Amino acid sequence: MGVVTIGTMLGTYLIAYFFVDQPEIVALIVIIATGIIFIVGHFIISGFVYLAEANRMKSEFVSITSHQLRTPLSAVKWSLNLLMDERWQKLDQKQKEYFEIMKTSNNRMIRLVNDLLDVSRIEQGRLDMRPGKFSLDDMIRDLIAEITPIARDGGVSLGFEVEGGVPEGWADAERVRLALQNLVDNAVKYSNDGGAVKIKLGRFGNFLKCEVHDNGVGIPEHQKADVFQKFFRSDNVRKYQTEGTGLGLFIAKGIVDALGGKIGFSSKENQGSDFWFTIPIAK
Amino acid sequence: MTKIIFVEDEPTLQKTLCDVLRKEGYDVKAAFDGVAGLELIKLEKPDLVLLDLILPKMDGFTVLKKMREDEETKDIPVMILTNLEGTFDVERVLELGATTYLVKANYELREVVEKIKKMLEK
């Protein structure tokens, strides 16, 4: 704002100097123009301060609310765990089914609250990291083992390929796992029956590069620019997938950016997507 | 019998975990606030303390700090069971001497019990 004010003063002075003969009038025009710029500038800056404060309050509200929500949600989770434990009581098939539904809903809500907390942290620039050495190779294998039963239910196969020997990564392992999980979850969720998801890991200069390829529904051309926006869900997905908050890719990008890596994708509608990210290797 | 004290103000969480741990054969006692929890810890000198952080009367950070200042309780392992998750909170309790830190909402009851068993085996 200071630069604009000085520029306006000089500009007004030069214009007035060349077009007005009396120096008193020149001075008066410069003072008036500077005064106007000051007033306008004050309102613009006040507006920004107000917006920043409103944004901070909104994020803080989300953060506190999310924390408060997790307590009753964990109470429901643990109670359900007890109710579903066959060492305590035998359940018939119908009871098991209903408890499974409750458990899935409860976990979905916890995941949503966790996602909102992460979004709030990303927006506040408070996504703190606790970096350390870890094996991305092992992490991918663990994740595949965890997701395979769910993928199999949807008729989707999971594959993994490592290009040569890869060194350990240097990052906050828990955060990387969340970013990776979000990409793999999407790949599985948006694959059709009989689809194949392939994860590839390799070295890319001083970084590890992980690619998640699927031959699913893909992203429409006109929506590609919005993929990493909050709450983004593509039109072709909304039609038949009611689940999903559209926060996964926003969070994955927030994590990878905070780690000093890069994230990107290529995609063709009805042919599939290829999402990738990089993280630094351990020194 | 291995003694565990669980300081937790949310009644359902307290009851479920206490029930499961008792079924596993542990001697479990519980408190609903920090002051009562600290008294119980000093009195019972348990093998393990499970401690929430947001508690009435005295928060978990203070309970942990006071435990570590007391000759008789300073070496008792403490597992933090909370729904706070900021890096600052994690670092603060680890600096204060907590042995481990779990976010309750992210763990199944069975997983928590497994972690407790592992801690007690050490």
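Biologist: Which elements do the buried residues of α7(A) pack against?
Modeller: This is a predicted model, where local features need pLDDT of at least 70, side-chain atom pairs count only at pLDDT 80 or more, and totals for chains, interfaces and linings use all residues. Residues are numbered from 1 along each chain as its sequence is written, with chains lettered from A and ligands numbered from 1 in the order in which they are written. Helices (H or I, at least four residues) and strands (E, at least two) are DSSP runs numbered from the N terminus, and contact means C-beta atoms, placed from the backbone, within 7 Å. On that basis, the buried residues of α7(A) pack against α3 (93-124), α5 (173-189), β6 (263-268) and β7 (272-280) of chain A.

Biologist: How many residues of helix α7 of chain A are buried?
Modeller: Buried means 20 or more other C-beta atoms within 10 Å of the residue's own, exposed means 12 or fewer, and partly exposed is in between, with C-beta atoms placed from the backbone. A:Phe250 and A:Ile251 are among the buried ones. The helix, residues 248-258, is largely enclosed by the rest of the structure because the buried count, out of eleven, is nine.

Biologist: Why does B:Asp52 count as buried?
Modeller: B:Asp52 sits in the loop between β3 (48-51) and α3 (60-69) of chain B. Beyond four places in sequence, its contacts include B:Asp9 and B:Thr82. B:Asp52 counts as buried because its C-beta neighbours inside 10 Å number 26.

Biologist: And what does UniProt list for B:Asp52?
Modeller: UniProt positions follow the numbering used here, feature names are shortened, and annotations may be inferred rather than shown by experiment. The unreviewed entry lists B:Asp52 as "modified residue: 4-aspartylphosphate".

Definitions and conventions: Contact = placed C-beta atoms within 7 Å.
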